[in-house]
Amino acid sequence: MTKSNNKQMVELVAQYLTFNKQVSIKDVGTFSVEELPARLDFPNRLLHAPEHILHFNTKWSEDELFEQWLQKQSGASQQEVQEQLQHLSDLFQRTLSEEKRFGWKRIGQFSKNEQQIAFVSEFEAAKRAPVTAEKVIRKNAQHSIRVGEQEKTNVEMEELLQTQSRKTLNLWWLFALALFLTALVLILFTLTNHSPQWNRQGNSQKLKLNEMPALYKSR
């Protein structure tokens, strides 16, 4: 199997992973794709597409579905496909032992430290750019609102705000009424305590009248 055939086989492995999400290769290991759900970026109002993370494990098992798929893609027989995979795994082990580090295009980088194999993914499924995410709220339509740790509807929030507004208005009226009654009591108290004194001061002063001259003399 030539070097170009190895590259082609690696490309087929990457292609297979884009839709099957897992493949196992003899004497190499198992690759599995973890799909992360779409993520909503609230501050920037963006919706990010699902992300894909490729994991590698040195444990492997027979993968008949992958071999059947390779036969359809290449038109080769089952024996030829198995020989190509065996050659690919032999080259994988030999290169890793001699060079300690190498990579498979679109899959990732492999490195060997003592008996352990480290893997850094370079796998990228079809990525989509984030789209603008704006919540459409129809007028008079009921929708949920997050308030602290509780979730309420817009109708409940409007009723709550109106109740609080009425309570605030009632408190202001009660406060104003209390001030008015306090002022009225003070005025009445002042008038009640000082009224007799004002009366005594008014009665203590006598009105002086000049005597009128006699209009005639007695004979």
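Helix α1 gives the lining of the largest pocket its largest share, five residues. This is a predicted model, in which local features need pLDDT of at least 70, side-chain atom pairs count only at pLDDT 80 or more, and totals for chains, interfaces and linings use all residues. Residues are numbered from 1 along each chain as its sequence is written, and side-chain values use heavy atoms, with hydrogens and water left out. Helices (H or I, at least four residues) and strands (E, at least two) are DSSP runs, numbered from the N terminus.

**Confidence**

- The mean pLDDT of the protein chain is 78. pLDDT is the predictor's confidence in each residue, from 0 to 100.
- A value of 70 or more is reached by 68% of the residues.
- Confidence is highest in β1, at 96, and lowest in strand β10 (residues 144-147), at a mean of 56.

**Largest pocket**

- The largest pocket has a volume of about 350 Å³.
- A pocket is found on a 1 Å grid over the protein atoms alone, with a 1.4 Å probe; it is an open set of points with protein on both sides within 12 Å along at least five of seven lines. Lining residues have an atom within 4 Å of a point.
- Grid points are joined across faces, edges and corners, and the volume is the space filled by probe spheres set on the points.
- Its lining counts 13 residues, and N6, K7, L91, G103 and W104 lie nearest the centre.
- At least two lining residues come from each of α1 (3-20), α3 (78-99) and β6 (101-104).
- By class, six lining residues are nonpolar, four are charged and three are polar. Nonpolar covers Ala, Val, Leu, Ile, Met, Phe, Trp, Tyr, Cys and Pro; charged covers Asp, Glu, Lys and Arg; polar covers the others, Gly among them.

**Second largest pocket**

- The second largest pocket holds about 280 Å³ of space.
- Its lining has 17 residues, of which E62, D63, E67, Q82 and L85 lie nearest the centre.
- β1 (22-25), α2 (64-74) and α3 each supply at least two of the lining residues.
- This lining has eight polar, five charged and four nonpolar residues.

**Helix α3**

- α3 has 22 residues and spans 31 Å from its first C-alpha to its last. That is close to the 32 Å expected at 1.5 Å a residue; the expected span is 1.5 Å times one less than the number of residues.
- V81, L85, L88, S89, F92, T95 and L96 are buried in α3. They cover an arc of only 135 degrees around the axis, so they sit on the same side of α3.
- Buried means under 20% relative accessible area, exposed over 50%, and partly exposed in between (1.4 Å probe, protein chains only). The arc is that of the directions from the helix axis to the C-beta atoms.
- Q79 and E98 are exposed, on the face of α3 turned away from its buried side.

**Helix α2**

- F66, E67, W69 and L70 are buried in α2. Viewed down the axis, the buried residues of α2 fall within an arc of 160 degrees, so they line one face of the helix.
- On the other side of α2, E64, L65 and K72 are exposed.
- E67 has a relative accessible area of 11% and therefore counts as buried.
- E67 and S77 are 10 residues apart in sequence, and their C-alpha atoms are 9.7 Å apart in space.
- Just after α2, G75 has a positive phi of about 75 degrees.

- A14 belongs to helix α1. Its relative accessible area is 0%, so A14 is buried.
- A14 and F123 are 109 residues apart along the chain, yet their C-alpha atoms are separated by 7.7 Å.

**Positive phi in loops**

- Most residues other than glycine have a negative phi.
- K21 is not a glycine, and its phi is positive, near 70 degrees. K21 is in the loop between α1 and β1. Its relative accessibility is 24%, so K21 counts as partly exposed.
- D27, also not a glycine, has a positive phi of about 65 degrees. D27 lies in the loop between β1 and β2 (29-36). At 29% relative accessibility, D27 is partly exposed.
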